[in-house]
Amino acid sequence: MVRRWRELAADSVLLDGFHALKHALRFGAEVPLALTADRDAVLALAEDLAPDLTARLDALLRPVDAGTLPALLPRPHPTGVAALAVRGSGGSGAVPEAERSAPYVVLDNPRHLGNIGAVIRVAAGAGAAGVLTTGTVDPWHPNVVRASAGLHFATAVAHREPGELPPGPVYALDPEGRDIRGLELPDDALIAFGSERHGLSPALRTRADHLLALPMRPQVSSYNLATSVAMTLYHWMAGRP
């Protein structure tokens, strides 16, 4: 089993923990291998939290001894589950270019892996078309997938350069922008958020068709990136029928 894991790991995405595996399966990810040191406990957890997946997990999970997961992973998840999934399977596949019914979230050179994962989780829950990132960080990094709780497979996730974004009007969040409460976000929008430290890059700011600002109490510096995305997507959702 360890040998099989190592053969698959180089070309697969790590699903770290029960909830990541749960979401990946629900949204159609291809999962060739799932390991656990306590099969009965995981199946009991599934029966309690995800009874729709109990039968699939019963067939998928492979038991290993207690020392196997620490040997394969630097930090095994407390739920005692680790699995491998095929990148791009499920709902995370090709980025639709046109005729969208929901906006994209564009993260401009994000740096914090946990923030990227949290944004993907928010975007999946809100029904966004997907999350696109610019810059050097891989949005499929294991720590990003861990932070998203496996919801990469519920929405399109990809790396794009500013000149390679799908068509659509770009609405960029910026302190100098217009108060978002006075605007309606169209379904084909690209909603862009700058990096945690430096904000929007010159390339993406130049590309923006509209600058938006979230309402904020004076003397407060900024919102967390995932919070900003959540507030903006909620504004879009609230304006829909």
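**The open sheet and its helices**

Reply: In this predicted model, six strands form an open sheet in the order S7-S6-S5-S9-S8-S10, and their pairing is parallel. The edges are taken by strand S7 (156-159) and strand S10 (210-213). Each of these two has a single partner strand, so one side of each is left without a neighbour in the sheet. On average, neighbouring strands of the sheet are turned by 35° against each other, with direction ignored.

One of the residues involved is Gly130, whose bridge partner in S7 is Ala156.

Helices also lie across the sheet. Helix H6 (residues 113-126) lies across strand S5 (104-107), S6 and S7. Its direction is about 150° to S6. Helix H9 (residues 225-238) lies across S5, strand S8 (170-179) and strand S9 (190-193). The angle of H9 to S9 is about 155°.

Helix H2 (residues 18-26) and helix H3 (residues 39-49) pack with their axes 12 Å apart, at an angle of about 60°. That angle makes H2 oblique to H3. The crossing of H2 past H3 is right-handed. In the contact, Phe18, His19 and Arg26 of H2 meet Val42, Leu45, Ala46 and Leu49 of H3. By class, five of the contact residues are nonpolar, one is polar and one is charged.

How values were computed: Residues are numbered from 1 along each chain as its sequence is written. This is a predicted model: local features need pLDDT of at least 70, side-chain atom pairs count only at pLDDT 80 or more; totals for chains, interfaces and linings use all residues. Side-chain values use heavy atoms; hydrogens and water are left out. Axes are lines fitted to C-alpha atoms, for helices over the stretch in contact, and angles run from 0 to 180 degrees between N-to-C directions. Helices (H or I, at least four residues) and strands (E, at least two) are DSSP runs, numbered from the N terminus. Angles under 35 degrees count as roughly parallel, over 145 as roughly antiparallel, 65 to 115 as roughly perpendicular and the rest as oblique. A crossing is left-handed if the near helix is turned anticlockwise from the far one by less than a right angle, and right-handed if clockwise. Contact means heavy atoms within 4.5 Å. Ala, Val, Leu, Ile, Met, Phe, Trp, Tyr, Cys and Pro count as nonpolar, Asp, Glu, Lys and Arg as charged, and the others, Gly among them, as polar. Two strands pair if DSSP finds at least two bridges between them.
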